[in-house]
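User: I would like to go through the labels given to parts of this model and see what each one rests on. Please set the values against the cut-offs.

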Amino acid sequence: MNTFLQILNNPYQAEIQGVAMLMVLTVLAIFIISWALNRISILRIRKDTARIQDLSTVLQHTLNVSRNYVVKLSLHDQKGQNLHGDFLPEDGMSYMDSLEYIHPEDRQIYTDFLKKLLGGESMAECTFRWDISRQKHQGHWRYIYDKGITEFLSESQKIPANIYCTLTDKTEQIEQEKEEVRLTDKYRIIFEQGIAGLAFYDKDGMLITANKKMQEILNFQSEHDPFYYGNAIYDLPTFREILNNRHIEELFFCTKSVVIERGVNCYTEMRVHPIFDEKKELVYIAFSIRDITQERELYLKQKENEQGLLKTNEAIQRYETELQYLMDMCDMRFFRTNCIEKTCTIYKSMSVAETTMSFDELVQHFVDSPFRAGIMNFENYFNVPRTDLTHMHPFFHEGEEFQWNFIDSVPSYDEKGKLVGSYGIIRNVTPLIEKQERLKQETERANDSGRRKSVFMANMTHEIRTPLNAIVGFSDVLPMLQTKEEKAEIIRVIMNNCDMLLRLINDILAVSDLESGGIILLPAETDFAADFNDICKSLAQRVQIPGVEFIAENPYTSLRTSIDKDRIQQVLTNFVTNAIKYTQQGHIKVGYEYREADGGGLYLYCEDTGSGIPKADQTKIFERFVKLNDYVQGTGLGLNISKAIAEKCGGKIGVISEGEGKGSTFWVWIPCQRIETVPELNTVV
């Protein structure tokens with residue numbers, strides 16, 4: 001401001017005023033001359049006036065259209081006035097006041113602008129920010145472009161009189177330029193700092209610019225590498241075939257980029273994007289490139305890992321399937337205990353929980369275990385690896401029968417080494433234990449059978465030797481006897497011993513049949529009532545003990561059925577023979593009846609008043625080689641053979657005895673069909 005005042009209050013001010021007066025006189029003289037000339041050439045002046053008016057109208061119209069302001073700055077009174085527009089107040093504004101509306105940062109610019117015009121320059125320009133609110137310190141700034149022209153008092157002396165300023169509001173233009181600069185800077189940053197290499201080519205394929213990433217990927221030797229800036233994109237190896245006709249279109253592809261001249265050898269992802277103008281003519285070519293060598297290696301490694309993971313998952317799935325098969329086939333469960341929550345979870349498969357129970361509920365499954373007695377708790381039990389065979393209530397089965405389980409347990413610890421639980425398997429081995437028990441019983445039975453065979457062989461030797469000795473001995477005595485009565489008695493003794501020997505041989509043959517594949521049945525239609533009478537006649541001859549009566553009960557006169565009568569006779573003979581050995585007083589009674597129950601069949605029995613059978617021995621007397629009294633003659637095979645015959649016929653066999661000294665009743669039931677019904681007739685033989 002002071003500078004401007006110094007300019008205005010300079011030593012030439014008086015001279016300027018004199019010049020101004022001279023100019024006024026000159027103008028007056030010119031006016032008089034013009035008036036005179038006007039009188040002289042009125043027609044020509046009128047034409048010029050009309051032309052000037054037209055020009056003034058055009059200029060005025062131009063000013064209105066351009067929306068510019070025209071201000072006159074008078075150096076005489078240092079005040080500005082509006083010549084066109086309302087940039088300043090109607091009464092004008094002094095220079096000092098105008099500075100208050102100029103942005104503080106732009107006041108020096110405006111002062112320098114005036115210095116140029118006051119210093120003798122005919123034209124100058126500047127741009128400053130102006131507060132359009134016309135209220136001091138409001139800050140409604142607009143960018144004003146000021147173009148000033150100096151009016152001189154004398155062209156020769158360059159003495160300024162007035163300054164005419166044309167003011168144009170450039171705010172929108174400058175803001176737009178600033179925004180463009182900001183966006184340009186922003187895009188330049190993006191362009192330079194992008195993760196992909198970016199470049200722009202002109203329509204002839206010559207490189208315009210490339211960012212740092214592009215230079216890095218393509219190994220530029222300098223910022224303006226002559227190899228890349230000197231060769232068109234159409235001539236580069238990668239694009240030579242693709243763009244051979246210079247027909248540019250949107251391209252996106254992956255390839256292996258090799259530039260021998262710059263040592264480039266990598267896998268890249270490229271995109272070519274043509275940029276056209278409004279006439280659809282090619283202007284620029286945008287090109288991006290991204291080095292995917294490491295991504296490709298990672299992708300290949302990932303694919304390899306995925307294949308390995310897939311194979312691992314398949315192997316795990318196969319192992320789980322095999323394990324699940326074993327768990328199902330072995331009747332096994334997987335378990336996991338939690339000593340903190342005191343729970344036990346049972347798994348039927350590796351991932352699906354079948355049931356979860358508390359330790360208190362788990363204890364109740366054990367039978368006579370130290371857990372139930374309070375001797376041991378689960379925390380101590382799971383603290384070490386162990387395998388136990390336990391007798392338990394059904395653990396993962398329905399039912400009430402006890403079962404045997406193998407429990408294999410392994411302790412589980414947290415990262416601090418604290419016991420948190422255990423895991424393992426529970427396998428139901430009840431069938432195995434039962435098989436072992438049966439095997440033990442069979443082993444004992446086999447051992448017992450071996451012992452019985454030994455006893456049998458000893459008894460057999462004795463049993464055979466006894467009748468043979470009697471036969472041989474009495475045969476030697478027979479010729480020396482004189483009377484018929486003596487010979488008849490000796491012959492009877494010999495015949496009894498022969499019969500005894502024959503029964504022994506028949507028993508041995510029957511046992512041989514059992515060992516070689518079983519007894520053969522030959523059923524045939526017969527009248528069993530008549531057959532029973534014949535059998536009883538034969539059996540009655542065997543009962544020769546004084547004081548023992550033989551009784552036969554035949555309830556039918558005729559009973560036709562289909563049956564193997566020889567096998568039935570063999571069973572009844574064994575019953576009677578056995579009764580004879582143990583009966584010394586009373587009777588031996590045999591009988592039968594046809595029963596309709598269970599589809600129909602014959603019920604045969606042999607009742608005696610002998611020594612009877614203890615309750616404990618009634619279940620084993622039908623076993624082979626069993627003799628309740630070793631001093632009684634016999635092989636211990638008769639009842640066993642009778643049982644085999646009954647089972648072969650599909651029937652049943654048993655004994656009824658109240659105990660020792662109360663006699664016994666042996667019975668057998670043979671299924672058969674009755675062919676015809678006959679009236680009953682009780683017969684006693």
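User: Where is the place of T171?

Analyst: T171 belongs to helix α6, which covers residues 171–193. A point to keep in mind for what follows is that this is a predicted model.

User: Why is T171 called buried?

Analyst: The relative accessible area of T171 is 7%. Buried means under 20%, so T171 gets that label.

User: Which residues is T171 in contact with, leaving aside its neighbours within four places in sequence?

Analyst: They are R142 and Y143.

User: What makes R142 and D169 a salt bridge?

Analyst: The N to O separation between their side chains is 3.1 Å. The cut-off is 4 Å between a side-chain nitrogen of Lys or Arg and a carboxyl oxygen of Asp or Glu, so the pair R142 and D169 qualifies. R142 sits in strand β5 (residues 141–154) and D169 in strand β6 (residues 159–169), so the bridge ties together parts 27 residues apart in sequence. D169 itself counts as partly exposed, at 31% relative accessibility.

User: Which side chain meets R142 in a salt bridge at 2.7 Å?

Analyst: That is E172, with 2.7 Å from N to O. Since E172 lies in helix α6 and R142 in strand β5, this pair links parts that are 30 residues apart in sequence.

User: How do you know that R129 and E105 form a salt bridge?

Analyst: Their side chains come to 3.0 Å, N to O, and the limit is 4 Å. R129 is part of strand β4 (residues 123–131), while E105 is in the loop between α4 (95–99) and α5, so the bridge connects parts 24 residues apart in sequence.

User: Are R129 and E105 buried or exposed?

Analyst: R129 has 17% relative accessibility and counts as buried. E105 has 59% and is exposed, because the exposed class begins over 50%.

User: What joins E105, D106 and R129 into one network?

Analyst: Salt bridges that share partners do. The structure holds 15 salt bridges.

User: Which residues of α5 are buried, and what puts them on the same side?

Analyst: The buried ones are Y110, T111, F113, L114, L117 and L118. They cover an arc of only 155° around the axis, which places them on the same side of α5. In an α-helix there are 3.6 residues a turn, so residues three or four places apart point the same way. Just after α5, G120 has a positive phi of about 120°.

User: What is the span of α17, and what is expected?

Analyst: Helix α17 (residues 565–582) has 18 residues and reaches 26 Å from its first C-alpha to its last, close to the 26 Å expected. Its buried residues include R567, I568, V571, L572 and F575.

User: Why is Q78 called partly exposed, while D598 is called exposed?

Analyst: Q78 has 21% relative accessibility; buried means under 20% and exposed over 50%, so a value in between is partly exposed. D598 has 65% and therefore counts as exposed. Q78 is in the loop between β1 (69–74) and β2 (79–84), and D598 in the loop between β21 (586–595) and β22 (601–608). Each is a residue other than glycine with a positive phi: near 55° for Q78 and near 60° for D598.

User: What makes T390 buried, and which residues does T390 touch?

Analyst: At 12% relative accessibility, T390 counts as buried. T390 is found in strand β15 (residues 386–392). Not counting residues up to four places away in sequence, T390 touches F366, Q403, W404, N405 and I407.

User: Where does pLDDT stay under 50?

Analyst: Residues 1–16 are one such stretch, with 21 contacts beyond four places in sequence in the model. Residues 680–685 are also below 50, with 15 contacts beyond near neighbours in sequence. Where pLDDT is low, the predicted coordinates should not be read in detail. The chain averages a pLDDT of 78, and 77% of the residues score at least 70.

Technical notes: Residues are numbered from 1 along each chain as its sequence is written. This is a predicted model: local features need pLDDT of at least 70, side-chain atom pairs count only at pLDDT 80 or more; totals for chains, interfaces and linings use all residues. Side-chain values use heavy atoms; hydrogens and water are left out. Helices (H or I, at least four residues) and strands (E, at least two) are DSSP runs, numbered from the N terminus. The expected span of a helix is 1.5 Å times one less than its number of residues. Buried means under 20% relative accessible area, exposed over 50%, partly exposed in between (1.4 Å probe, protein chains only). Contact means heavy atoms within 4.5 Å. The arc is that of the directions from the helix axis to the C-beta atoms. pLDDT is the predictor's confidence in each residue, from 0 to 100.
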